[in-house]
Amino acid sequence: MAKYFVIIILLILLFLIFWNLQKNTAPRNRLDLLSSRYIDQGPREVGSANLVTAVVVAYRGFDTLGEVIVLFLAATGVGFLMQKRQKAYPKSNPASEILRTGSDVLLPVIILTGTYIFLHGHLTPGGGFQGGVVIASGFLLQFLARPESRIKVRKLHFIESISGFFYVLSGLAGLILAGGFLDSRFLPLGKWGELISAGAIPLIYSFIGLKVGSELVGILNNLKGD
Amino acid sequence: MREMAFLGFALVLLGFWAMLTRKNILRIIIGFTIIDSGIHLIIVNLGYLPGRTAPILEKGMRVGDLSKHFVDPIPSALVLTAIVIGLAVTALMLVYAVRIYERKRTLNIDKYRELKW
Amino acid sequence: MVEPIYLFIILPVAAFLMGSLHQHLNRWQVFIFFTVLLFSFYLPIPWLIHLLKGGSTAQVFTAGFLPPISINLQIGIEEAFLMTIINLLGIMGAFYLLHHFRGTVYGPILYLVFIMGLNGIIMTRDLFNLFVFMEITSISLYSLITLSGSSENLTAGFKYIIASGIASILFLIGTIYLYYLTGTLNIDVMIASGYKIVGPAGSIALIMLLSAIIVELKQFPVNGWALDIYTASDPGIAAIIAGGSSSAMFFAAYKLLPLWSPSLSSIIAGIGIMTYVLMNLMGLKQVKANRLLGYSSIAQIGLLVGLSALLLHSTPVTGLTTIWIILGGLLINHLLAKAGLFWISGLIKGESLSSWSVLRKYPSLLFIFACLLMALAGLPPFPGFWVKWNIAMQLAQHKQFLWLGFIMLGTLLEAVYFFRWFGLIMKSELTTGIRVRISSLLPIFTGTFLMFFISLTMMNLLSGFNFNMLLPILIATLIFALKLIPGKLKALMTIFIIMFYFYFLLPELSGLYRLFAIIFFPLSALFMIAAMNKPGYRNGYFELLILIVLSLGNLLTSHTSLQFFYSWEVITVATYLIILRGVKRFDTALLYLVFSLAGALMILAGFSYSYAVTGSTFLGILGSSNSQITIYILLVGGFLIKTGAVGVHIWLPGAYAETEDDFSPIISAILSKTGILGLLLVLLLMGKSFAANTELNTILGWIGVLTAFLGALFAIFQEDLKYMLAYSSMGQVGYIVLALALYSHLGWTAALYLAFNHIFFKGILFLAAAGIIQRLGTRKMYEMGGLINRMPLSFLAVLISIIALSGVPPLSGFGSKWLLYNALLEKEWYLQAALAFFASTVAFLYCFRLIHSIFLGQEKTRFRQVKEASLWFLIPQYVLIALIMLISLFPNIIIEPIAQVMADFIPATLSWEGNTLMSSLGYWNGNVIMIITMGVFMIPLIGLLLRVRSMQKVKQFNIVYAAERPDKPETTHVAHNFFPHYQKALGFLVTPLVSKFWAAVSEWCHTIAGVLRNIYTGNGQTYALHIVFMVVLIYILAGV
Amino acid sequence: MLKNQENQPQKLANAGLPEHEKYLFCDARPRIRHPFKGFWEKFLNWARANSIWMLAYGTGCGAIELRPLMTARYDVFRYGIAPRPTPRQSSVIIIGGYCSVKTLKRIIRSYEQMQNPKFVLALGSCTINGGMYWDSYNTINRIDAYIPVDIYIAGCMPRPEAIIAGFKKLKQLIKSGKAEGANLYAENFDWYKANQKKIIKDWNMPDYNW
Amino acid sequence: MLQETVTIIAYAFISLLVITIYGLTLNGLVMKIVARVHGRFGPPLWQPFIDIIKNNAKRTMIYHGTMFFLGPVFRIAGGIGTYLFIPAIHGSEVFANFSFSGDLLLVMYFFFFGQLGMALGAGESGHPYSAIAVSRGLAQMTAFEVPFALSVISLAIQYQTLSITGIVSAQQGGILHWTVFTNPLATVAALIALLGMNMHSPFDIVLAPQEIPIGPPTEFHSAYLGLLQTNRAIFNLAKLVLFMNLYFGGATNILILIIKTFSIYMLSVIVGVSFPRFRTEQSIRFFLGIPTILGILAVIFQKL
């Protein structure tokens, strides 16, 4: 009981700290210089309609590289950890007919949606990560519906590493052809609002989407445990 | 909307409560994800300015005056990264849970104390 | 020069490709792995060279925009340096782990990404990007930790994830609020707009950020998980965590230093240094090797953090280069040494400290191990030493004496558990359990070699290259390399080398130093003749002797306090090792080392204080007028420990007695004089107006005379021959201290005369003891007896030396007593004189006991066949006897030069009339006394000799025994508990209060450590709670 | 009067001692020490007579008479007679009355440890013929079969006056050079030893106690 | 030079001879006095001489070894040496002895010379009592040297010299110049120490004939004992002469010397006949108690 008491006290204190933190931040009425600049210059410089994407892929592209690597690490780590498993779980019961049929029907739609999301990352909300996750969710559905189904792991890995490779390569292209590493402007910016615009952003987001999708599928596959 | 931050903090504290008091590591992992959600909420909230819209240009918007209409895009960008990282960590935690359960046949964190002092 | 950005291209690409193509790559995989690592190692080197040549710090921009719009990287001299060593560590670690990586592709991938993450942490200048890279390293570690797949691995890793997860949460909160306040994520811009980080919000944001970094730096108390990680993970991984990850995280903290407000800065300093002290304290209780290394790692990082906060923030930075050498040196020292130790631990099968005793079978590994320990303990000739020195100097200069004290305490504690461990390894049962692989050995050796190299560089940078300082180590190493030379030849070589060095050294020295050179060189060479006696190779013994003696020479030639301190520490370490070689149990050697190091730290503190006051390390000036008392106390205290003054003497008997028999004369006769040299130098260099008049001299004098008295009193109750001699040494050195404290011409003459005399007779006594023990195989005096018939030459030697010791005329001992009492009375130290006189009469008791128990009385049956001691023991003894006789007959040949030397410093009060020595009070003609004594001795002797024809030589049992016959020699020989009445009357004075006190100190340290480490319950939730607690605590401390 | 001992073996066998203890004891034979001739010997004998140190060893009941001898009433110190605690320094041993076998052993040892010239004063009837204990299994009836006695003082017990008279007689003997018991003992050593060993069964000491 | 040396040596012999005869007579006298206290006549005055002759007249001797043989030699060398380093009669050339070669410190340390040698000889005899007695003797010695040393230090402060001749000359010119009057505390402390040095009851723990038959000399006899007895006379007197010089104004002729030394000795004798024996630890405690405090007071008073 004493332990709970201590925890409660500490959490109350922590909350007071948070309270203090939030209470003492003055509300913002206008954007700071940096974000204003992103908003004001972003469309022109990067050509992306979605300014968040502009920040994510272009201005803070290096972060995104890290992000991709983190996901890659998670996938590798899961593989690494699951590789050493001692034994598999007993097989679960087969899923219901409804689920199986439903997933069969939905899977293409989901993949299509995912692809749409990462292809239109520079125009609409969404992007490579979101798209990749949507794709992976389709496979999750498939795993639930058909626990016994096998994924072609080597192909998955191939997609993953090739897309990762090309992502970095496009970053290198930015370094060589444009202003710096991960500069998306080595392709023409085009007219904003169109699908083929915003330099290499759609391309990069596609690679990311593929990579994220395949990685998450890999993780799910590993967690499924066979 | 600023009060949303307190919701975020409340989530953080809720997550902490789960993390500090629940013995089942799956619940601890859930606590962790709750904290993560809270943090994401806080981050996004800090980028929000009242009466403004998401920083996505639509046809008809005047370039040059956008900074008065849009919320801050940077927190949104950051939160994306944070979510991905949180996801990665959660995935690993879950794998750990699986492996630990295999080894120890228990999910009680109190039983994982072969290393101490 | 390759753009650093390529690191972030090549490494991920390699990782991505290896992930899917490994089936196609096969053997190329390893090749790619190492090529990429080599590339990462190569990349910063040209930068480092460029920057060292004065090139300017380079920025790397990404995304084609300038910062703060985009993320930028920076490679300055710090980054290039750290990347070089971390990537080098990466290669070595990879090489070490190669074995583990066989059969898995995930391992190398994770490893590559981990190394990339470290480089990212170092180079990035964006706060959020820093977070991303921190997560990259953490996540890759989460997986790498489970390399060996044990359940401990997993639970430890889970705790790590919890702690690190909370840390990232705190980091995110801090980051986002800082962004909110400053409108930027670029660290440089953020620092520049630091004025915006105000109010409670700013402070709390900083606190959050700081807390996250403290967790990642594994500082107390939020480091329970880290200990588990070090314990559980594969040593190869632990090595890169301790070396790489911690260093990179430290650099991250270093980058953010300018952000903190002064109050936060002092909190960081406090946390860092407390971590250093407390971790080292808790290390005392540790019995698992890897966990101990973990404690030490955390402690070292704590020191780094604390020092960086102290030196770079809270006080204005003055000499950046020196601070750089401190931080860089500490970092690299820690990195290489700790990685090396973890790597070695991977070779050992057991996990307890004592299971490392298997290293004894691999001398080269043992050697490396010792080197690494010494490096961590800050002993020469490793980088740690130079760092320790400069820490002291810098902190003193910044007037951070409290912190300096804490750091010294931590250093001492660290040395305690490290060298206790080393002793355990050397002395515990030999275990079998080691797996030696070339791939594992290579990084270990490379690392150690590198450390030597770096130490050399640091020496060059800090004190200028001094060949003399290196010479002892070089020669010792050279001899060590000649492994197969027989011991006797080595002894001969040693003597030659020492005399050769003396020959070259002597012209450089003058006056006082020349006298000490005579003590240190020819006399120790003389004692070394005894070493010819032992068979076998005796690896290590002669090398260490050379190291000691040659360093003694360097002590005399040093011009700066750094040189002095360097040689001092070399002597301490070498003596420790040589003692450890000889003793049966390691605690005696440990006690020696701990006290010596404590003394050395006091000396260091004294020197640093002097440096703080005068700004110079030149030995000629020790402090200016307003600081002398502190310096005097520190230095004198330090040197007193070396002399074994009462209160800090408990190391002495064991060290003198338990060590090898032919080393005992050297340590007790020669090495005890180093403390005397130190005291003399302090008194000389403190400035006459102060040192001659300070009341502290009186205290010093009392300490000296009490040491003399209690040493003698302890000696009389010893049953063990060598312990008795050891305590006797303690007492005799006490007289010397007393004489030095007089600060008068007569006193100092007496001191040096006493010193010489002490060397002569104590040398004889220990050598004779060595000879006896060699023949008898026991050290208990009551087991001996009646040896006069078996060992007449040894008897004669002991007889003459105890006469010289006790000060009975006509031998040289009386001269020393005469000089001492005259000096004492001249100075009006009357009560001290009386106590000294009492002490000198007490000395009779043990003198008689010594000679009676061993040589007189009843001969024991089992020792009837023993032979005279070995000739190699007798030769030096008789040379010394000749010297005693010479100075007894002609005291002037030694007193005159001493008095002349001393007259350079203090006006002489001693004069001669012919052979008569005159002081202001009395007079003494040693020559005539000798002749008269001989005369009055010869007359009755001749008378008695006339009767010799009527005499019957009888045997040992032909004694009157109350009309009975004795039963056994053992029961007839009165030797055990020889002074029971003295025990009854004055025994209360020898209650081992001091030992009890120090034992209690040790006990308390262990108890506190035991209680403190209870916070590491092993439960991940508790560790999480610690973090929350720390956040709250920092919040309260920071006073927002 | 005194015979030469040339044909006797120089070393004693010490047969009573176990082998491993033999080295602990001197095995030399006692030798005859010839007195000086003429005035010098007379002078020395005068000194010996006037400084008689008796071994303070009460071998029997007669020792009771020695206390009054030394105290104020009889005060033998007057005659240069003084007690001495160690046989090495004493010149006379007083056999104080009846002598048991056990005591005889100690007497022999003490006697042998005294330095030449040494004298024996036998006190009381028991030392002459066993006295009232003549038929005891354990009493020596005739002491001079074991050590050479200089003076017998008869009586049971002899009074201190008798003892003083005995001392006076001893002095006369010494002065006249007739008290050569030590040489007698050395001369007839084998005979004495044989007698001693005959009666002392547990002979566990060297043949001559130096 | 040669003539001077010969003269000095001849003078030393004369001085020694006189002092030996006086010493032995003094011993006889003391025996006589003790006997009188007991109500006896006691031995004749010359008894010590006869004893020495008799001991030397013993025809046989044994020896245990070299040190046993040398022990008495050391002892008497110590006694003679001690005496010869003390100027016996102030102003007399014959009795100045070899006092030019050293000061009071020399004498104090030369005390130990004979004791050490004797202890060694006794040790080699292998007799347990000898060893026990030596252990007692050394232990007691350390104790009584403390008040004596303090007293000497007090004198050194008082007279600012350690030369015995100097101390004696400073006391000339009237009875009130004697140390005993100018520095009574030091004198008392030293005289109590003297009781210990002389080893009369209650401090005769070394010889203790009833416990450990006469201690160190248990095995010594014949000529050895002769030497020891001679030494006893000389050494005893050396101490007395030293005390006379230090505390009682010294002597200007042989008669004063005899009177003063006799009187000082009487102190020991009277105390000796009046008290039973201490145990060793009692003796040690005694000397480290009141006498030491007196000595310290003497030093402090002189320093003030």
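The paragraphs below walk through a predicted model of several chains, beginning with the assembly and then turning to chains D and E.

For the model taken as a whole, the scores are an ipTM of 0.87 and a pTM of 0.91. There are 6 pairs of chains in contact, and among these pairs the one that shares the most contacts is that of chains C and E. Other chains are set apart from one another: chain A does not touch chain D, their nearest C-alpha atoms being 76 Å apart, and chain B likewise does not touch chain E, with 54 Å between their nearest C-alpha atoms. Chain C is divided into domain 1, which covers residues 1-123, and domain 2, which covers residues 702-975, and the C-alpha centres of these two domains of chain C lie 71 Å apart.

Chain D is built from 7 helices and 5 strands, and, read from the N terminus, its elements follow the order α-β-α-β-β-α-β-α-β-α-α-α. Its radius of gyration is 17 Å, close to the 17 Å that the globule rule gives for 210 residues, and chain D is therefore as compact as a globular protein of that length. The box that its C-alpha atoms fill, taken along the principal axes, is roughly 50 × 45 × 30 Å. Of the 210 residues of chain D, 50% count as buried, and among its contacts between residues at least 6 apart in sequence, 80% join residues that are at least 24 apart.

Within chain D, helix α3 can be followed in more detail. It comprises 13 residues, 101-113, and from its first C-alpha to its last it reaches 19 Å, close to the 18 Å expected at 1.5 Å a residue. Helix α3(D) is mostly covered, with 10 of its 13 residues buried; among the buried residues are Leu104(D), Ile107(D), Ile108(D) and Tyr111(D), but also Lys105(D), Arg109(D) and Glu112(D). What covers the buried residues of α3(D) includes the strands β1 (52-55), β3 (92-96) and β4 (119-123) of chain D, together with helix α7 (189-199) of chain D.

Chain E has 12 helices and 1 strand, and from the N terminus on its elements run α-α-β-α-α-α-α-α-α-α-α-α-α. The radius of gyration of chain E is 19 Å, close to the 19 Å that the globule rule gives for 304 residues, so chain E is as compact as a globular protein of that length. Its C-alpha atoms fill a box of roughly 55 × 50 × 40 Å along the principal axes, and 69% of the 304 residues of chain E count as buried. Among contacts in chain E between residues at least 6 apart in sequence, 79% join residues at least 24 apart. The mean pLDDT of chain E is 90, and 100% of its residues reach 70 or more.

Chains D and E also meet each other, with 26 residues of chain E in contact with 19 residues of chain D. On the side of chain E that touches chain D, the elements giving two or more residues are α1 (2-38), α2 (47-57), β1 (61-63) and α9 (222-247) of chain E, and the largest share, 6 residues, comes from α2(E). Sorted by class, this side of chain E has 12 nonpolar, 8 polar and 6 charged residues.

Methods
Residues are numbered from 1 along each chain as its sequence is written. Chains are lettered from A and ligands numbered from 1 in the order in which they are written. This is a predicted model: local features need pLDDT of at least 70, side-chain atom pairs count only at pLDDT 80 or more; totals for chains, interfaces and linings use all residues. Helices (H or I, at least four residues) and strands (E, at least two) are DSSP runs, numbered from the N terminus. The expected span of a helix is 1.5 Å times one less than its number of residues. A residue is buried if 20 or more other C-beta atoms lie within 10 Å of its own, exposed if 12 or fewer, and partly exposed in between; C-beta atoms are placed from the backbone. Two residues are in contact if their C-beta atoms, placed from the backbone, lie within 7 Å. Domain bounds come from an automatic or database domain assignment. Ala, Val, Leu, Ile, Met, Phe, Trp, Tyr, Cys and Pro count as nonpolar, Asp, Glu, Lys and Arg as charged, and the others, Gly among them, as polar. The radius of gyration is taken over C-alpha atoms; the globule rule is 2.2 Å times the number of residues to the power 0.38. pLDDT is the predictor's confidence in each residue, from 0 to 100.
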